[in-house]
Amino acid sequence: MARTKLKLKSIASGTIPGRIKIANENITAGSVDSDAMGAGAISPAKLSDFAQSLTNRNVIINGAMNVAQRQVSVTGLGASSGYFTVDRFKMVCNNTAGRFTMTQTADGPSGFANCLKLDCTTADTSIASNEEFGILYRMEGQDLQHFKKGTSGAYKTTLSFYVKGNAAATYVAELMDSDNSSRHIGATFNVTTDWTRVEITFPGDTTGTLDDDSNASLDLQFFLHAGSNNTSGTLQTSWGSLVQANRAVGISSFFDSTDRTFFITGIQLEVGETATEFEHETFNATRYKCLRYYETNYEDGYYPADGVTYSNTYSTFPGNCYHQTGGGRYIMTSHRFLVQKRTSPSMTLYRVAGLGSGSTANRWSWFNYSAGWELTDDSTEVGEISSQHHGALVRDTEANVNEALVVAGGWQADAEL
Amino acid sequence: MNISEAQYTTAEKNIIRVVDGSNTRYIPVDPNNKDYVEILEQVAAGTLTIKDAD
């Protein structure tokens, strides 16, 4: 019997007969009222795996650029790579003479308070083959197991973000699997002078599983400037083994003029082939996620450096003095991190101001019961580092052995990928 | 990193003190720490030597 298409104008009561397929265009906006479906009419089991993830869809931390523990703005960048302003986003700067300012800026499309702004301050129009410049975001493999990468059921993933610039430009967004010989895939995107949401869906990769650990497994990189080593091939638009020349084909150069700017926010990478609304979260929730990779004892708005007033840091710690034969007198102190780090972090110590005179870098202060707060007379050393704490050894010849003391200093812990 | 000096802080060799530009930093001997990995790369390339502890 031939199938007949029926148009149902309304069903006053009762149930919809089985095996009726409703075409997309027959459900108009607003036509399904709030009481059209009973509670539990659609069970989670009827939704696909990833559609059930109503929260925690976005694997990018700080995609809205709201957290900047290190600095808000840094000028003269370009000579070396590193994390400079907004948390989790690393600037990749290889062999370019171009220089730029990186800023967390109060600008964005509707609903976004902040973005990452790059402003070219020194142009580089003579591009050597090995030049490379861009924004890198690295992800832990254990956070990506639901991508099912490297299996026959590997999911598509969708990257979305908002961008604008001073003028039209074309750049590349790339995913790279650092667990499997740098398999990669990329896509170009366009920038205009208005905020535009870019949506890119990458196919699932059935080759190469991601390690279930805390190391970097997947990199998201935005190529903004590159030499022929990265541009002379054909853009890698399907997952494949690393071909360096295929990574950034067809891009403009961010360093082509000192007029050039680049703004980005709302970065989201999620399972599925649909770019869902950006998953906003509270500032505190994002900040806590960022603390896994970077933490300081400076108040928000003050940045790790020598000479920040102690009251703008959480900087006083109890310590005990002991004497090490041949090593002077040490006041041992330790501090537990607010959030366990991804791995044992690199530590940097700083002098705080306002507790004793002196300005020698890398020296903490201690409270001398005879003379009050003093800067120590020798450098402060890191004695212990784990993913959960660090210990500092503060040295001063006047410290009395077995005395409980208070010391003060600044520190930063870096466990970035 | 722009390392000009590197030295273990103790005989146990579990922390490396480096002069990185104008900063003194302390790098744990941990293969998951990106800075330690970079130090190993520089040592392998022959551009950096880690001194023993004093």
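Predicted model: local features only at pLDDT ≥ 70, side-chain atom pairs only at ≥ 80, totals over all residues.
Trainee: What is the strand order of the open sheet?

Mentor: Its 6 strands follow the order β13(A)-β24(A)-β17(A)-β3(B)-β2(B)-β1(B), with antiparallel pairing.

Trainee: Why are β13 of chain A and β1 of chain B called edge strands?

Mentor: Each of them, β13 (294–296) of chain A and β1 (3–8) of chain B, pairs on one side only. Neighbouring strands in this sheet are turned against each other by 20 degrees on average, direction ignored. Helix α1 (residues 34–44) of chain B packs on the sheet, and the strands it touches include β17 and β24 of chain A. The direction of α1 makes about 95 degrees with that of β3(B).

Trainee: Why is the link between A:Asp414 and B:Arg25 called a salt bridge?

Mentor: The limit is 4 Å between a side-chain nitrogen of Lys or Arg and a carboxyl oxygen of Asp or Glu. For A:Asp414 and B:Arg25 the closest N and O atoms are 3.9 Å apart, so the pair falls within the limit. Across the interface of chain B and chain A the rule finds 3 salt bridges, and 12 residue pairs are in polar contact.

Trainee: How do you know how much area the two chains bury?

Mentor: An interface's size is often given as the accessible area lost when the parts come together. Chain B and chain A bury about 1300 Å² between them, with 42% of it on carbon and sulfur atoms. B:Tyr26, B:Asn32 and B:Lys34 supply 47% of the area that chain B buries against chain A, more than any other three residues.

Trainee: Which element gives the largest share of the side of chain B that touches chain A?

Mentor: That is β3(B), with 6 residues. By class, this side of chain B has 4 nonpolar, 4 polar and 5 charged residues.

Technical notes. Residues numbered from 1 in each chain as written. Chains lettered and ligands numbered in written order. Heavy atoms only, no water. Pairing = 2+ DSSP bridges. Helix = DSSP H or I, 4+ residues; strand = E, 2+ residues; numbered from the N terminus. Axes fitted to C-alpha atoms, helices over the stretch in contact; angles between N-to-C directions. Contact = heavy atoms within 4.5 Å. Buried area = accessible area lost by both parts, 1.4 Å probe. Polar contact = N/O pair within 3.5 Å; in protein donor to acceptor, adjacent residues only side chain to side chain. Nonpolar A, V, L, I, M, F, W, Y, C, P; charged D, E, K, R; others polar.
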